[in-house]
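Have the structure open as you read along.

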There are 2 protein chains.
Amino acid sequence: MSQISHVAARMKLESPVMAATPVEQRNDALACIKEALCAHADEIFAANRRDLEMAERNGVAPAVVGRLLFDEHKLADVCAGIDGLVDLPDPVGRTLLRRELDEGLVLERVSCPIGVIGVIFEARPDALVQISTLCLKSGNCAILKGGSETAHTNKAIFEVIYRAAVGAGLPETCLFQAEAREEIGELLGCYGLVDLLIPRGSNEFVRYIMDNTKIPVMGHSDGICHIYVDGAADVDLAVRVCVDAKIQYTAACNAVETLLVDRAIAAEFLPVAVRALEAEGVEVRGDAETCALVDVRPATEADWDTEYLSLIVSIKVVDGADEAIGHINRHGSHHTDAIMTEDVATADRFMRLVDSAGVYQNCSTRFADGFRYGFGAEVGISTSKLHARGPVGLDGLVTYKYKLRGSGQIVGDYATGKASFHFRDLC
Amino acid sequence: MSQISHVAARMKLESPVMAATPVEQRNDALACIKEALCAHADEIFAANRRDLEMAERNGVAPAVVGRLLFDEHKLADVCAGIDGLVDLPDPVGRTLLRRELDEGLVLERVSCPIGVIGVIFEARPDALVQISTLCLKSGNCAILKGGSETAHTNKAIFEVIYRAAVGAGLPETCLFQAEAREEIGELLGCYGLVDLLIPRGSNEFVRYIMDNTKIPVMGHSDGICHIYVDGAADVDLAVRVCVDAKIQYTAACNAVETLLVDRAIAAEFLPVAVRALEAEGVEVRGDAETCALVDVRPATEADWDTEYLSLIVSIKVVDGADEAIGHINRHGSHHTDAIMTEDVATADRFMRLVDSAGVYQNCSTRFADGFRYGFGAEVGISTSKLHARGPVGLDGLVTYKYKLRGSGQIVGDYATGKASFHFRDLC
């Protein structure tokens, strides 16, 4: 039995105790964590400098180094995030259903934590704070494994968080940080002990996790997002949104990869859109019809299934909303897809028929994010259909249980007709 | 590409059309199905007689033959079930959240069908009717595979249901019945096309499904349910409930397998309970302390992890509720566990800390059932933590999507501080 499975087995047995902690105690722990992070800022910054120096020695790209950085600004951000999380209502213990089945036999569906969650995330120290505080607020125990490029920072931050959480009275099993890369494999083997895995990172990494564990996985691998520009679109609005969705943060999963343009508006929209995109350094690839209207590189079939994650966009001319919907459901990754139109009926049809976690009208796909949805933070974005879909905040970290309170009722009496149900919802 | 994967691929592409059907049409289809089942009752009964004759020739046990039977009574039951389903509110299109993120930027979380569901179920013709009507009411497409012992009945019933559903205007891809056993393997390979698998049947069968597919599986393998008899229990009530939970239907997953008895009440409870159980033909196995109080066969460690599914029960004396909670969380299957006590605080503690889909006070574990919860029917019982837990009715067959409607908002403006969110819940 590996160390991680020992930890997970103890967590599993004690997770009900964590689940039963009052919200005041969980909020108090969050406040203590914030205070402790500020009190130990210097140690954390020092640890972060060691990680940054190593990254520079290893020739890590400056864009990536920006994510590894943990400074006063990042600290202020995570502290503001913790304040927001404290203010959010308790996701645990909500009565979702209350029904009298018969006289003196009352059924309740009550929200409760999932139990033990494993989160494997990229080298971003602020993510460690967000994820651990989301798990604690929702009453879950968590095993965390952050990217090794920030190992020193992770260690420093985790120790501060853990001491503060346990000092505030949360169980010793509330959190554990895995430090070695081999421990990821051990974590994947913890079926029956870990209730949910949340992997974050590259498509290949997430797919590797999904293919190598029996534990339920919440997350997404691809993010092939589309914008369909309808014949009834406002062209200026559509261009502005398409440019934002492509360039505002190209490496994000919710950046747009393919524009689908209604034939009815192609001649008007394409020249303006391509000029605006190229002005931002975007390489445009078009199908034959697009290439006939604007001077861009031809797209191949493979383009419709590619997540560029860079300054490239593909464009295809389509015959109205229904062809766009078909293309998106076939080639998309069920993440976030938008329609640009002033026609309410077409928008409604698109939003009903596109089978994605997020369906938008007249705004950027880049809004798909837990913070922007008002969830305080997110542990990730889910493209699976079950449990939680889209950005996952506190709501996605809880499940429910049924509580049935009786006064000696037996099923035999209902089977023989001596008693019968009357089903009256009490709330 | 197998036939099933062809079917699933077409369903997947057309499932959004099914999902977008109005509830009136889905209810109308259910009414037509009921009418058609009654109109074709004679053909269905004739097909069922062929299955029953074959079962007799094959020496199938009479108890099992009872499940294969589809007669006037079963028909009346499934028709009543369809009426109940028509009366239930539409689970699709409910607005679960409506939040203004900023002026003119409104987020909605709306319930929607899961998409394509595969259900593999035991040889029970009434289950075919229940499952297909639940899937249709919830706007899902479904691939169904019933037990081969009722192949003729399944074929007759399915044809009637399918013709009625399509006749009422539902898409041709709404339902498909797999008939050959090999098709189960093909169905398990439909990752990316089938959104959810619901296997029903023996523990081994469900575990086989879980181990051999990448498709998310909802269901349960084991059903090791407990009753803890607390020191503050009403002995007569507790005995009556324990007997019902063991004998009312021993083959059910929600039947009790282990009784945990508080030492404080063991001398009083055990003699009465054992007498009552033995009077019903139950074999009792006890730990050393139980054996010292009543004359029963000694239990071994393996008994605490065994689902008997027959007239056997194990009994262990414990030191109060906390030892019982620990035992249940360690040896149970997170299905349904009950406490017998008149002490409200102890009951609350037990119901908070036992990590099961159902936690009961003073009533039989046999109540864990979609019909008895007032869900109309169930497609199965889930012991997994994610998505749906406990008996799964219409609610467990839907997910949600986020709809965001804007007027040209781009993330760049929020990132640079030109715009900011104000998060106002509208409902």
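Strand S16 (residues 398–409) of chain A pairs up with strand S13 (residues 358–363) of chain B: the two run parallel and are joined by five bridges. To see one of those pairings, find A:Arg405, whose bridge partner in S13(B) is B:Gln361. Keep in mind that this is a predicted model.

Now zoom out to the whole contact between the chains. Chain A puts in 61 residues, and chain B puts in 61 residues. On chain B's side, strand S16 (residues 398–409) of chain B gives the largest share, with 11 residues.

| Class | Side of chain B that touches chain A |
|---|---|
| Nonpolar | 28 residues |
| Polar | 19 residues |

Finally, check out a pair of helices. How do you describe two packed helices? You give the angle between their axes and the distance between the axes. For helix H6 (residues 125–137) of chain A and helix H7 (residues 151–167) of chain A, the axes come within 10 Å and cross at roughly 25 degrees. Angles under 35 degrees count as roughly parallel, so H6(A) and H7(A) are roughly parallel to each other. The crossing is right-handed. Among the residues making this contact are A:Leu128 and A:Val129 of H6(A), plus A:Ile157 and A:Phe158 of H7(A). By class, the contact of H6(A) with H7(A) has eight nonpolar residues, three polar and no charged.

Notes. Residues numbered from 1 in each chain as written. Chains lettered and ligands numbered in written order. Predicted model: local features only at pLDDT ≥ 70, side-chain atom pairs only at ≥ 80, totals over all residues. Contact = placed C-beta atoms within 7 Å. Helix = DSSP H or I, 4+ residues; strand = E, 2+ residues; numbered from the N terminus. Nonpolar A, V, L, I, M, F, W, Y, C, P; charged D, E, K, R; others polar. Pairing = 2+ DSSP bridges. Axes fitted to C-alpha atoms, helices over the stretch in contact; angles between N-to-C directions. Parallel < 35°, antiparallel > 145°, perpendicular 65-115°, else oblique. Left-handed = near helix turned anticlockwise from the far one by under 90°.
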